[in-house]
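Subject: Structure for you to look at

Hello,

Here is the structure I promised to pass on. Please open it and keep it beside you while you read my notes.

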Amino acid sequence: MSISDDSTAESPLLGVSGSFGFAEIEFARRFDDLHQLIYRQGGVRPTNAAVEEVAKLIFLRLWWLKKPDTSLPSGLTLDILFSPKENGQRLVESFKQAFNLALNADELSALTPSGIKESLWPVDEPFRLSNPDVLDSAVKLVSDLIQDHTPAVSDPLGTAFDALLSGRYDHSGGLGTYLTPSSVARMMAEIAFDLLEAPCFDTPENLLLGDPFCGTGRFLVAAAEILREIGTPEATKAISTGLFGSDQSTSSVAKARINMMLYGVEHPLVWTTPDSIVDKDLSKLHGKIQIILTNPPFGEGKYDSLAGISQTAYVIPRVTGKKKIDPALAGLVQSLLLLKPGGVLGIVLPDGVIESRAFDDLTSGRNGILGGGISVAANVSLPTATFSLSGTVAKTSAIFLKKESRRTQVALARVQHVGYLRQAGKAARDPQGNDLPRIPKLMRSGLSAAGNALVFIESQEPLVAIAQPGALQSFDPSRVDPAALRARASIKERGGMELQALMQEVRARRSRLLPDVPFISVLHIDDLGTIAWHEAERYQPTTPGILASGGDLIISLLNPSKLRASVIPEELKTVQVSAEFGVFKPHQHPYAILGLLYSESVKAQLRPLGRGTSSSRRRINEEDVLSLTVPMLDEQAMSRLDIKLKESLESISRARATLSSEFGKIAAG
C-alpha cells in the first residue's frame, strides 16, 4: 500500500510529518537554552532529570487540554497552570498539586499487557521545578510546543531528548542507546507500510504495529502519523488499539505514553520490562504482529542473558554456547519472532551486524527454526551524521525484512544527507538538504517501474536502486554503484564468470621481519601493477607483514577505489607484504588474471565495495575480490595475455633496476 504524498507541506527539519508549522531544530535550540537554565538555577540534575521535568509539564499540558476546569486542592482550577497572568511561588505550588492529582487520574493512565491501568510515573513521584523563573520559562516553551491537541512537532519529548541529551545521555548498563531521528522513523514507517502487502487495521486479535525497544515512542508516533493520513475509520481506530511499545527505561516509557496520548490514544499500551528480548508479555505476541519498527541497543559482547542468548541461538545456531553477544542481534531475532507470516520488520542496525555471518545465516535460512522464511526486502544506508547528536558516528542502515515471503525485488537506497549536521555538539542545518523524505516515494516508483530488470536505477542522487537478489554481491546500498552494476551486467551478458573460478585465497601467514627479503607495501605498486623492487628491497618497516610466494597474486584490500595489485615473480621463493594485502593462488596464468583485474569493467566493480567511514581507509575482503565478475577468455587468449603482460612487467622491472644502478653510480662519483 502507499501513503499519499503532500508535496505542498513544509516538512520540519528533523520531523516525521509534513504538516507541522514549526521546525524541530528551533525547538531543539529552545530546549537547549531551557536545559542551561534548569541546570544553573532549577536545582535539577543530571541532564536526564531535566528532561523528566519537561515531560511532566507536557503531561500536565495534556491534562489541561482535556479538562481545564478540573479543581485543585487550593480551590483553583487547572486553567491557572498555563495562564499568562499567574506566576511566582503560587504557580509552583499549583503545578505540584496538579501533578499529584494527574498521577491518580483515570483518564491519564496507561495499560499494561494484562489490561491493568497504571499511572505514567509512580504515584509518589514529585514535581521538582521549584524555581518560579525557571518554571515560567519552561511553561512558555511547552505552551508553544503544544498549543492544542496536536503538538507543533512530532515526538516533542524526543525533540527534548535530542537537544538536552546530545552526546551526554546516561547510557545505563553500558548498552549503546541512540535516539532515532524522527525523520528516519518517518521514512522507515512509510517504507514498512508500503512493503506490507495486505494490512489489516481491524483484526481484534492481532495488533498492527509495535516497537519492543520503543524509547520515547518515536516509531509509534511515526506510525500514528501515517495512520492519521490514511484516514479510513479502520486506520484511525488502529491509532488507539493497534500500537504497542515496551522498553527497559521507566522514564522513556512515561514519555512514550505521553506521546501516544498526544495522538489521541486514551490508554497507551506501553510498558516497562527488565529485558525486551525475553519479556513474557512480548513472548505471548510471537507470530501476531504485522509490522515491527525498532532501533535496539547495540554493542558487541554486551548482552549476557542466558535466556536471551538461547532464544537467539534457536534462530541463529552460530551463537550457541556464547556467553555474550551483541544485543542488536538478540533484538533482531526477538523482532522477527514477533512478526506474523507476511509481516515486515524495519530495524536500525550497525553495518557490522548486517555484514556478519550471523546475519547471513539468518537471511539464507541456515539451520535455524525460521528456515528460509526471512528475506531482505529493502535496505537504506544512513550517513554517520544520523546519530551524531547522540554522540556516536557508528555506520548504520535501516534494513527491512519480510517473514515467510520470498522477495523477487530488493529496494536499496543510499542516503547522503539527513538535513542536519552536528556542530559544537548541537544540530545545525545541512546546506545540502535532506534526502530522507524522498526515499519512500522513490522506492515506491522504482518498485513499480523495475519490471523484470536485474538492476533498475530509479535515482542516482540520492541513489535508489531496485534489484533482483541474484544480481547483487551485497545488500549494502553503499556498495551499489550504477557504473559497477552496468559493468557487471555487461560482462555477464558476454558470458563472464566470477574470479573465484580462476584463483583461490591463500590463508594469511604472518611472520617476523625477515632480513634480506623484499617487503612490499601498497606504496611500492603503481596503477599498472608494476612493483618498485629497488624500493621494496631497501624498505625497513616497523610492523611485520605476511608471506607470499612466487606466482602468488597480491591485491590491496585497502581503498578499493585505487586498485593496487601485482604478481610475485616465480623465481622469488618468498617475499613479505604488508598486512593490508590479500594473497591469492591463481590456478594458472597469473599475469592474465592481473590483466583482467586492471580492466576498467572490473575496477568499476571494485570501487564501491569498501566498508568504513573514511574514503581513504575503506576496506574490502578476500570474498569481495573472488566474487568480482570478469570476462571469460578461452585458454589460448589467456595464455597469450599471460605471456605478453609478464614480458611487459619484467621489462619495466629491468628498466627500473638499470635506472637505480645508474643513479647509484652517479651519486658515488
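Contact here means heavy atoms within 4.5 Å. Keep in mind that this is a predicted model.

Start with histidine 589. It sits in the loop between strand 22 (581-586) and helix 18 (590-597). Leaving out residues up to four places away in sequence, histidine 589 touches Glu635, Met638, Ser639 and Asp642. With glutamate 635 there is a polar contact, side chain to side chain, at 2.9 Å. Is histidine 589 buried or exposed? Its relative accessible area is 13%, so histidine 589 is buried. The cut-off for buried is under 20%.

Next, look at helix 6 (residues 182-195) and helix 15 (residues 438-449). Their axes come within 8 Å and cross at roughly 20 degrees. That angle makes helix 6 roughly parallel to helix 15. The crossing of these two helices is right-handed. Helix 6 brings Met187, Glu190, Ile191 and Asp194 to the contact, and helix 15 brings Ile439, Pro440, Met443 and Arg444. By class, that gives 5 nonpolar, no polar and 3 charged residues.

Then turn to helix 11 (residues 306-315) and helix 12 (residues 327-338). Here the axes come within 9 Å and cross at roughly 65 degrees. Helix 11 and helix 12 are therefore roughly perpendicular. Helix 11 passes helix 12 in a left-handed crossing. Gln311, Thr312 and Val315 of helix 11 meet Leu329, Ala330, Val333, Gln334 and Leu337 of helix 12. The residues of this contact are 5 nonpolar, 3 polar and no charged.

Best wishes

How values were computed
Residues are numbered from 1 along each chain as its sequence is written. This is a predicted model: local features need pLDDT of at least 70, side-chain atom pairs count only at pLDDT 80 or more; totals for chains, interfaces and linings use all residues. Side-chain values use heavy atoms; hydrogens and water are left out. Axes are lines fitted to C-alpha atoms, for helices over the stretch in contact, and angles run from 0 to 180 degrees between N-to-C directions. Helices (H or I, at least four residues) and strands (E, at least two) are DSSP runs, numbered from the N terminus. Angles under 35 degrees count as roughly parallel, over 145 as roughly antiparallel, 65 to 115 as roughly perpendicular and the rest as oblique. A crossing is left-handed if the near helix is turned anticlockwise from the far one by less than a right angle, and right-handed if clockwise. Ala, Val, Leu, Ile, Met, Phe, Trp, Tyr, Cys and Pro count as nonpolar, Asp, Glu, Lys and Arg as charged, and the others, Gly among them, as polar. Buried means under 20% relative accessible area, exposed over 50%, partly exposed in between (1.4 Å probe, protein chains only). A polar contact is a pair of N or O atoms within 3.5 Å; within protein, one must be able to donate a hydrogen and the other to accept it, and residues adjacent in sequence count only if both atoms are side-chain atoms.
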